Amino acid sequence: MKVLFVLPQVGAAVPSYHAISILSAVAKQAGHETALLEMPEMRLSAVDEALQEHRPDVVGVTAVTQQIPYTKKIIAHVKQTFPHIYTVLGGTHAIVRPNIIDEMPELDALATNEAEGPLVKLLRVLEWGERPRDIPNFAFRHGEEIVRPVRSYTCDEAEMTALPFEDREL
């Protein structure tokens with residue numbers, strides 16, 4: 001699977017790459033390709049360019065609360081332009097407001113907590129052509145139905161030590 005991570009940082013003085021670089025490293029370790037689009041300004045043409053260049057199967061956006069208005073526009077644009085691309089939202093806003101999936105009809109999945117292990121499971125299920133349902137720390141949209149998350153996955157110390165180094169190539 002090809003994953004395009006999007007980091008909206010409109011007006012942000014200090015962007016944070018740590019979560020994306022760890023998730024990218026985990027995805028690459030599992031055999032997937034990743035790319036990153038940084039968005040210091042809101043330009044949907046930049047999204048289009050990245051989608052054309054990388055041809056992702058999945059677009060994963062991470063956002064803090066201040067970036068949610070931009071995030072909603074990005075995800076809606078991706079799904080309207082390329083309906084076959086699977087859209088995922090994660091980040092601190094998704095964790096503290098897991099019902100944000102109700103406000104975003106174009107959003108396919110929401111990471112509601114730590115996602116290092118669950119992301120790999122999600123990508124595997126999508127790769128198999130199946131509909132994800134029972135993956136911890138994710139909520140899923142299936143048409144009008146939203147499958148609510150079970151927050152059962154926590155990355156313990158042993159797992160954290162076993163994580164690959166952050167993907168700094170992004």
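His 93 is found in helix α4. The model is predicted.

**His 93**
- His 93 has 5% relative accessibility, so the residue counts as buried, the cut-off being under 20%.
- Leaving aside neighbours within four places in sequence, His 93 is in contact with Ala 63, Val 64, Thr 65, Ile 68 and Ile 100.

**Ile 100**
- Ile 100 sits in a loop. That loop runs between α4 (92–96) and β5 (109–111).
- Ile 100 is buried because its relative accessibility is 0%.
- Residues up to four places away in sequence are not counted here: Ile 100 touches Ile 68, Lys 72, Leu 89, His 93 and Leu 110.
- Ile 68 is in the contact list of Ile 100, and Ile 68 is also in that of His 93.
- Leu 89, one of the residues that Ile 100 touches, is 11 residues apart from Ile 100 along the chain. The C-alpha atoms of Ile 100 and Leu 89 are separated by 9.4 Å.

**The aromatic pair**
- The count comes to 1 aromatic pair.
- Phe 138 is buried, as its relative accessible area is 2%.
- Phe 140 is buried too, with a relative accessible area of 0%.

Notes: Residues numbered from 1 in each chain as written. Predicted model: local features only at pLDDT ≥ 70, side-chain atom pairs only at ≥ 80, totals over all residues. Heavy atoms only, no water. Phe/Tyr/Trp six-rings, centres within 6.5 Å; stacked < 30°, edge-to-face > 60°. Buried < 20%, exposed > 50% of the residue type's maximum accessible area, 1.4 Å probe, protein only. Helix = DSSP H or I, 4+ residues; strand = E, 2+ residues; numbered from the N terminus. Contact = heavy atoms within 4.5 Å.
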